[in-house]
Amino acid sequence: MRIATTLFLTDETIRPVRLAHELEQRGFDGLYLPEHTHIPASRDTPAPTGEPLPREYGRTLDPFIALGQAAAVTERLRLGTGITLVAQHDPVDLAKQIATLDHLSGGRFTLGVGYGWNVEEAADHGVEWTTRRALVRDRLALMRALWADEPTAYQGPFGSVRASLAHPKPVGGAPRVLLGGAAGPKLLAEIAATADGWLPIGGGGLSETLPALRRAWADAGRAGEPEVVPYAVRPTPGKLAHYRELGVREVVLQLPAAGEAEVLRTLDDFAQYL
């Protein structure tokens with residue numbers, strides 16, 4: 001089972017170059033980074049972790065720039081977002097960012113996709129909250145048109161693109177796409193329709209949910225198995241053994257949003273799981 005990591009990189013934490021170097025040297029498989037463009041100081045949306053919202057949410061580095069730095073100083077470390085708020089991006093620009101990072105890293109990028117939780121943040125990007133899921137699906141389809149081998153037009157309910165010359169291309173045609181979110185029939189159907197797998201935060205309840213995800217996958221006519229990557233996991237030996245028994249091939253462990261010394265101490269502790 002591959003052991004990757006995640007943390008909120010900020011202007012106050014360990015820096016991405018140092019972290020990426022240490023992860024690769026120690027044998028960790030990957031680094032996933034979250035995204036928030038900003039956190040409105042006045043909001044009605046409750047924090048998913050409970051109030052007060054942790055300080056790091058409002059100080060998060062841009063994940064694509066930070067992952068670009070990580071790619072430049074590593075050779076095998078996989079890179080991902082956990083997650084990209086696709087609804088808050090121009091899809092043409094985002095497609096270029098993703099393709100460039102995947103190209104420059106030699107195909108090491110995974111696109112973790114989320115719908116978001118902060119209504120006020122999304123509103124500042126012009127996102128209508130009730131249609132954000134459909135918007136994400138539309139933008140993924142538009143980006144895939146730009147990643148296609150031949151110039152491909154796309155016309156969707158929220159956006160369109162002409163058949164275009166758009167290079168570089170992601171290695172292998174498109175990056176791996178993992179959709180985040182809480183389990184439910186709608187989410188599982190959306191994973192089967194638009195993604196390569198699921199990025200469940202915390203990884204709880206997989207024994208009950210995996211059969212339903214596999215049924216949705218089969219109902220959608222998808223071959224093989226959906227990838228399931230438990231994310232932001234607080235590890236224990238028993239928990240990771242349980243994931244292995246379920247057939248999970250990758251898990252993302254939660255690092256603290258802290259300075260270099262604390263993060264490296266945590267990596268020393270997590271080395272037992274490699």
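**From a loop to the cores**

Gly203 sits in the loop that links strand 9 (197-199) to helix 7 (206-219); helices (H or I, at least four residues) and strands (E, at least two) are DSSP runs numbered from the N terminus. This is a predicted model, where local features need pLDDT of at least 70, side-chain atom pairs count only at pLDDT 80 or more, and totals for chains, interfaces and linings use all residues. Residues are numbered from 1 along each chain as its sequence is written, and side-chain values use heavy atoms, with hydrogens and water left out.

Gly203 counts as buried because its relative accessibility is 7%; buried means under 20% relative accessible area, exposed over 50%, partly exposed in between (1.4 Å probe, protein chains only). Leaving aside residues up to four places away in sequence, Gly203 touches Pro230 and Tyr243, contact meaning heavy atoms within 4.5 Å.

The largest nonpolar core has 68 residues, a core being a set of buried Ala, Val, Leu, Ile, Met, Phe, Trp, Tyr and Cys residues joined through side-chain atoms within 4.5 Å. Helix 5 gives the most to this core, with eight residues. Met143 and Leu19 are among the residues with the most contacts inside the core. Among the residues that Leu19 touches, not counting those up to four places away in sequence, are Leu7, Leu31 and Leu267. Another core, of 10 residues, lies apart from it and includes Tyr32 and Tyr231.
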